[in-house]
Amino acid sequence: MKRIGRIALAALVLGGPVLAEVGTLDAVPAATLLIPRFEVDLVDPTGYTTLFSVNNASAAPTIAHVTVWSEWSVPVLDFDIYLTGYDVQTINLGDILRNGVLPQTGPDDALSNRGPWSEAHDTFGGSCLTNSPNYAPISGTFLAVVQEALTGQPLSAGAGAGLCSSTPGDETLARGFVTIDNVSECSQEFPNNDGYFADGGTGTANNDNVLWGDFFLCDPGNAYTQGFTAVHLEADSIRLAAGAPSCDPVANYEPQTFYCRTQAGVHQGGGTALPGEDNREATGSTFASRYAIGAGFSGGTSLVVWRDNGVGSPASCATGAPSFSQTELVVFDEEENPTVAPTGGPSGAPGATPVTPFPYCTNRTVVGVDFPVDAPFGWVYANLNDASTGGAFDFNQAYGLTVMDASGLYSVGFEAIQLNNLTTGSTTASNPLITP
């Protein structure tokens, strides 16, 4: 389906062209959206939940393929959302993960209303009508496995039975992250399936930059909700074409792509995929964020951090996987005094082991609790390239959010400042005084 003309027409109708720069993570229509963390209380229906929206910037209908990943980057659940032209669908993950209720959408006005500016429905070859498992309620047995995977409990069934897909601990709180890809047909595929991506957007996923969205981390018990723009990852079939031998943006002199490590696993496993076939821009790996503890923010500061591990698999509940380190973590107070690689004891204690406060693929880390700080106000510099891996995957994508709470009063959330860019090959921090 040719959509370039339709998208251009939509831009004219709605008020002008959209300016985008591949590699800047600007909030413009994209081919993939990342929700870097979700949290859902599986016991209390009035407890934590996460909402996200998926929007279509085009007049033509499209399909958004949603993948729910665990804390260890194990793909756990996927489903499709049919979007009419200019459609918006809001998803409450609590409905899905607590009750197994998937969104009911499809090329029919009774399921997905079509507005006066929207183009005619498209059945996409009939796949969205005949592939009913995409929309049927999740069975009780499978829902139990999904909940186990997202809460760090041993899996009761499947190939990973007896293993874990998230860190054991809170068995009532589901946590992980979500990716949403623009696709050309409904499917029950994960992004690491061979053929899901093909260079130029010719696989199940396409390269139409028409999706946009947002998400909300909701804590009804404290009357908190933080809203964020989803991470918008544009596709570019020319600048981000496949062909690099690995996912190392420095060794290859090639841009890294968002799903590069995901597809590299397929290639290494004997599939036909090549690294970079997703053609999606990458995130950075180094960021800066303010923190405040006390005064107006008596609830402190949390850093919500997503990290790239490609595709994980269930692992031993006792030993766990993965466990990221970082190249450098520096805490500055408001007098510009740095504390490098904070330890669990006094700053700079001889022989102490530096903390690794972002060990998983999605994290909520409390400043001053999960790693020490010497002052109640300051900022954090985090270079999250993983020094422990060695080889081609030293440069690890990451994305950070900041949440500041005033206990029982209010809460604010905002994006951390991106200091480098793996899409363009700029793998060092913009500040040369800090170790890249």
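## A first look at this predicted model

The chain as a whole has a mean pLDDT of 84, with 82% of its residues reaching 70 or more. Over residues 345-350 the pLDDT is again below 50, and that stretch has four contacts beyond near neighbours in sequence.

This is a predicted model, in which local features need pLDDT of at least 70 and side-chain atom pairs count only at pLDDT 80 or more, while totals for chains, interfaces and linings use all residues. Residues are numbered from 1 along each chain as its sequence is written, and side-chain values use heavy atoms, with hydrogens and water left out.

**Nonpolar cores**

- The largest nonpolar core has 61 residues, and Phe38, Phe52, Ile96, Leu97, Val178 and Ile180 have the most contacts inside it.
- Strand β4 (residues 75-83) gives the most to this core, with six residues.
- A second, separate core of 16 residues includes Phe287, Leu303, Val380 and Ala398.
- Here a core is a set of buried Ala, Val, Leu, Ile, Met, Phe, Trp, Tyr and Cys residues joined through side-chain atoms within 4.5 Å; buried means under 20% relative accessible area, exposed over 50%, and partly exposed in between (1.4 Å probe, protein chains only).
- Strands are DSSP runs (E, at least two residues), numbered from the N terminus.

- Leu211 is found in strand β7 (residues 211-219) and is buried, with a relative accessible area of 0%.
- Among the residues that Ile180 touches, beyond four places in sequence, are Leu211, Phe52 and His65.
- The C-alpha atoms of Leu211 and Val28 are separated by 8.4 Å, although these residues are 183 residues apart along the chain.
- Ser302 sits in strand β11 (residues 300-307), where Ser302 is buried at 8% relative accessible area.
- Leaving out residues up to four places away in sequence, Ser302 touches Arg364, Thr365, Val366, Leu401, Thr402 and Val403.

**Salt bridges**

- The whole structure has four salt bridges, each a side-chain nitrogen of Lys or Arg within 4 Å of a carboxyl oxygen of Asp or Glu.
- Arg364 pairs with Glu39, their closest N and O atoms being 2.8 Å apart.
- Arg364 lies in strand β14 (residues 362-366) and Glu39 in strand β1 (residues 32-41), so this pair ties together parts that are 325 residues apart in sequence.
- Arg364 is partly exposed at 27%, whereas Glu39 is buried at 5%.
- Glu71 and Arg175 meet in a salt bridge at 3.6 Å, N to O, and both residues are buried.
- Arg290 and Glu334 form a salt bridge with closest N and O atoms 3.3 Å apart; Arg290 is in strand β10 (residues 286-292) and Glu334 in the loop between β12 and β13, 44 residues apart.
- Salt bridges that share partners join Arg37, Glu39 and Arg364 into one network.

**Positive phi angles**

- Tyr86, in the loop between β4 and β5 (88-92), has a positive phi of about 65° although it is not a glycine.
- Tyr86 counts as partly exposed, at 24% relative accessibility.
- Glu336 has a positive phi near 65° too, and is likewise not a glycine.
- Glu336 is found in the loop between β12 (328-333) and β13 (338-340) and is exposed, at 57%.

Key. Helices (H or I, at least four residues) and strands (E, at least two) are DSSP runs, numbered from the N terminus. Contact means heavy atoms within 4.5 Å. pLDDT is the predictor's confidence in each residue, from 0 to 100.
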